[in-house]
Each structure stands twice: as structure tokens, then as C-alpha cells.
Amino acid sequence: MQQLTSLPRRRMLAGSASALAAAGLASFQSQALAQAGSPAAAPAAKPLPAYAGFKNADAVIVHSSTTIETKRSAFGSSVVTPTNQLYVRNNLPTPPESIVADRDAWAVQIEGVKKPAKLTVGELKKLGLETVTMVLQCSGNGRAFFPSKPSGTPWTVGAAGCVVWSGVPVRDVVKALGGVADGMVYMTGTGGEVLPAGLDPKTVIVERSVPLAALEDALLAWEMNGEPVSLAHGGPLRLIVPGYTGVNNIKYIKQLAFTPKESEAKIMSHGYRISPPGSKGDPSQPSVQEMSVKSWINSPIPEDGQQAAGMVQIQGVAFGGMDAVKGVEVSIDGGKTWKQARLIGPDMGKYAWRQFALLAHLPKGTHTLASRATDVKGNVQPETRGENQSGYNNTSWADHAVTVTVA
């Protein structure tokens, strides 16, 4: 695959190794993981970074300049997560605001097709249009619940949201360029972040490969929740791969290539791998890609304070990752007994999450509320997490349960 090594070397950061440290990226250089913060520390009340100044400060937790979490109490009762509350997870510093000054002029190089080409957003808009609603979730969402306290941002449930994207289907772009070239196995996206000077681009560049079949539902998206994709979320153009974890949805995409092998970038070869506890990531380990069935309760929660005894509407969200949600069960006794909840609100497609609700009577005392989702293929959300070194892919219903006190 042709690597994008000719990205502009703007002096946004001075130096090489020192630049990484100044940007909070030293750990990314050594691990290809730029996840900031300590899971043992309580979230500090930090100001919003300038590029995300439009966020609702009361609805989010600012962990660092590149990691912002939606508060569990802020998800509310709607399907779509408002842009001003949606989480942010960036592996590199945000590019300059100038890249969204003329959105239609942004160009992406398409490789591994029979007619390779560089296409601007303006040109892509003439090739097709589709809208998809999908769950966007960081692969570390739920990391805070790991007792091993993995390094990285201590996300609870707020590194996720349900988002509406509009753009051109990748399959339409491929068709316009003569189809995928023979022998290609992966779809590889490369981000357009500015890279610190003096480093091997493969050690820091955001470049991820997913199976070729993912192109069928993938988009090159220029619109999010009815507005141009903001700089904070990858505008002017973002690769959207429904059903896959956030890192595979490449921001500021500058190259989309169909390749016979996975990217050799460190974020792909060693980063975001499901590594056994105590080990480091390597290409032999599973990559963080497809999401699986998951749910959690958003109300009532401890942050709401003490509840009054009586009837309460227990509500939350559930999604299947690659498949639609079939149903959700709710327990008020920590999983000893379960009752079927109602799926409510609009069904916005198999990649979106569904709201659920259960009217339940809570007597005085302490109650552990849990939810357990099942997808259309019969996969059930597990009770336990899959232990791994970096705290990825936590779908445990027990971990995501909440304990409330009723007076």
C-alpha cells in the first residue's frame, strides 16, 4: 500500500520526541496508544479545549485535551446523541481549523481500485448519497470497570453515542473507479492529522485496516446529525464503518486504499489489540474491530440522588454492534431475576441503538439495576468482561449495572 508520507509538516509542534511529549503523545510513540489519564483518578473539572468549545460543559467530562466523555446522566431519552454532548477521542492533536474553511476542496486519494484517483468532497457529492444511523463507540468504553485498572482514559459508558451520518457510500465510489483491484483483502483508511516532524510516520499515523466486506455499508461522510462534520469529529470528511469501534472510523481521511495486507502502521500492527493481561500488543492478537451486543441503564442512576419508594421508569440504551437488537431484559436485584423491557422510540436501523424502558416497583432499600441485551442472532450480552491488557471491548452487564438507594 502506498503510505501517505507527504502530509504537510506544519510546525504546530516543535521538535520530534519533545513534540510528542508536549502533545501528551509520548505513550503513543512507544505503544501506539495515545490514551490519556489514569483510571484510578477521579475526573477533574477541566475546561473544554478550543476545538471542542461548542460542547455542553455540563453534559461532559473533560479527561484531557483529546478525550471528552458524555456523562451517563446526559444521555436523556432520545435516540440520537446531540453533537454538543458526543464524546471525543483523538489519537493525535486536532488539525488546524483552516481545513474546514473550504470543505468541498478537501481531497481523498483512492487507491487499490482499477482507476485510482484523488477526489474532492465536491466531486464525491456527485457520486452518491446515503444516510446511516450508527453507534459510535470507543473500544475502551467501559475500561473504568476493569479491576486491573488498565492504563488509558477511565471511560465508564460515555465514550459512545448514536449518530446520524450522511455521505457517499464507499461502494459507489469504488464502482465509479472501476471496482476493487484483484487480490485486495482489506479496506485501509489513513487520517490527515499533522504529524510531528522527525519521526517515522508509521509510528504515529492513524491508519487502520478492516475486512474488505466492510465497504458495503461504509460511507465517506461530510455531514453529522444534520450539520457539516465538525473539526472535533473528523470534518471535513470522515470514513464511517458501521458496526466497528471508533478507531476504525478514520477522521480527516486523506487516503482510502484497498490492500492485500493490513496496514503496517503501529496503531494497527501493535495498537488496539486484545492482548492478554501483562503482555504487549502484537499482530498475532485479535484487532479491535467489530462491536458486539451491549446495553446499560441511564436512569435512575446514583447521580440522581436518593429515590422515593414506588414505581420508577428504568430506561437505557442497547445495541448489537453488527446486528440489530432483538430485546432487552432488566433486573432490579443484581441479575437474580429478569423482566423483559420494552423497546421504545424509532428503530433507526441495525447499527443504531434502541431505547428500552421498564416500569418497576422499587421498595425501600438498596437495589442493583442491570440490563442484558440480546441481538437478532441470539447473542446475549455476557455477565463478565473479557480480561485484556488495555481494557477493551467491555460488554459485561454486571460491570455496567448501577446501584440506587430508595428511601
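Q: What does pLDDT tell you here, and what is its mean for the protein chain?
A: pLDDT is the predictor's confidence in each residue, from 0 to 100. The protein chain has a mean of 90, and 89% of its residues reach 70 or more. This is a predicted model, where local features need pLDDT of at least 70 and side-chain atom pairs count only at 80 or more, while totals for chains, interfaces and linings use all residues. Residues are numbered from 1 along each chain as its sequence is written, and side-chain values use heavy atoms, with hydrogens and water left out.

Q: Why be careful with residues 1-41?
A: Their pLDDT is below 50. Where pLDDT is low, the predicted coordinates should not be read in detail. The stretch does have 99 contacts (heavy atoms within 4.5 Å) beyond near neighbours in sequence.

Q: What makes a set of residues a nonpolar core?
A: The members are buried (under 20% relative accessible area, 1.4 Å probe, protein chains only) Ala, Val, Leu, Ile, Met, Phe, Trp, Tyr and Cys residues, joined through side-chain atoms within 4.5 Å. The largest one has 45 residues, with Val 170, Met 187, Leu 220 and Leu 256 making the most contacts inside it. A second, separate core of 19 residues includes Ala 341 and Val 402.

Q: How do you know that strand 15 and strand 19 pair?
A: Pairing takes at least two DSSP bridges between strands (E runs of at least two residues). Nine bridges join strand 15 to strand 19, so they count as paired. One of the bridges links Gly 316 to Phe 356.

Notes:
Buried means under 20% relative accessible area, exposed over 50%, partly exposed in between (1.4 Å probe, protein chains only). Helices (H or I, at least four residues) and strands (E, at least two) are DSSP runs, numbered from the N terminus.
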